[in-house]
Amino acid sequence: MSIQRFVGRPDWYTTFNPETLTATGDALRWGVVATGNIARTVTADLALLEDAVLHAVSSRGVGSAAGFATDFGFATYYYDGGEHGTAAAGYLQLVQDPDVDVVYIATPHAQHYDIAKAALEHGKHVLCEKALTITAAEARALIELARERQLFLMEAVWARFVPGFQRALEILESGEIGQVKWVRADLGFPAPMDDSARIWAPADGGGALLDISVYPLLWAWGTLGAPEAVHATAELTALGVDAQNSLALSYANGAQAQLMSYLGSHGPRAAAISGTLGFIETIGSVNNPKGLRIGVGWEEEREEYFEHPGSGYTYQLREVTRCIQAGLTESATMPLADSLAIMELFDNAREQIGVSYPNDSRTDL
């Protein structure tokens, strides 16, 4: 018996600890927009790739741009106002740099659309942090632009590429646990309440939904596909963003998924897939599980464990690199159709829980 999986396996993924650091083609020159924590973590992994050149970084301030460039060995840096003969924002200077091939965007969500649009308009390939945009309308516009310019665009959902997730889908596909009947998954952490922090600020697209819900959702999406219906509930802050949310997904075949995302508490940060013959449960955080626990019938359970270089982002970065080297404009493992469908799901969920952002009212799309 073979069971359908809904997230593809990269063509180069021949084992569950695949080689991600060795060059697979001509080197790509990277530009990184933003210098925050996620930019630092991803850039450290990017530097491990033999065919990655750290060319340029941009930030709003000269100190953060220069410091980041020094820390990671970038050839140049840009900042708002700059000293490169322009008063333009740092990211605009970066996307105009003729020596940048691909741009990685790690700013707050609300800035993703404008920066990705500028990069595509200047002929750059784009890897953009999740959520790809604030709204489905913004995502649709970016996808249309990337296809028009024949440039690579991908949402940086790194969890699709890590060994733990890909191995879980292989077990599912083998039929070992039978037909999936339900999925549960959660992710979160107790974030200090600070109205000025981007994770809580409406202007930045703050709240748990856009920041982390993509990870619990991935386990339902990968095993059951797009849901037939979504029921969303949430606890909102005084500023109107969700401190936690619950997504209940239902499917035409009767399967169900229960997903939790939270920014005010601790939790198991785990996923479980329940099938007619057995189950799979993650060991370690749901966005990059270090292992899987597999049970079939009433037999003794087994565990499988995984290792990876760096912090686990090299799988995603290898996918982007190989796709661009091969002349592809999107990844079959993180296709643009999925990014758009998930943004539509989030639009629906936000309407149900009553969360709105300034980007919702933009008229330039």
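Trainee: In what order do the six strands of the open sheet stand?
Mentor: In this predicted model, the order is β3-β2-β1-β4-β5-β6 with parallel pairing, where strands are DSSP runs of E, at least two residues long and numbered from the N terminus, and two strands pair if DSSP finds at least two bridges between them. Local features need pLDDT of at least 70, side-chain atom pairs count only at pLDDT 80 or more, and totals for chains, interfaces and linings use all residues. Residues are numbered from 1 along each chain as its sequence is written, and side-chain values use heavy atoms, leaving out hydrogens and water.

Trainee: Which strands stand at the edges?
Mentor: Those are β3 (76–79) and β6 (153–156), and each has a single partner strand, so one side of each lacks a neighbour in the sheet.

Trainee: And how many bridges join β4 to β5?
Mentor: Four bridges join β4 (residues 102–105) to β5 (residues 125–129), the two running parallel, and I105 has C128 in β5 as its bridge partner.

Trainee: Switching topic, what about the hairpin of β13 and β14?
Mentor: Strand β13 (residues 291–296) pairs with β14 (residues 302–305) in the antiparallel sense over four bridges, with E304 in β14 as the bridge partner of L292. Five residues lie between the two strands, and G297 in the turn has a positive phi of about 55°.

Trainee: Which residues of α5 meet α10?
Mentor: From α5 they are A136, A139, R140, I143 and R147, which meet L336, L340, M343, E344 and D347 in α10, contact meaning heavy atoms within 4.5 Å.
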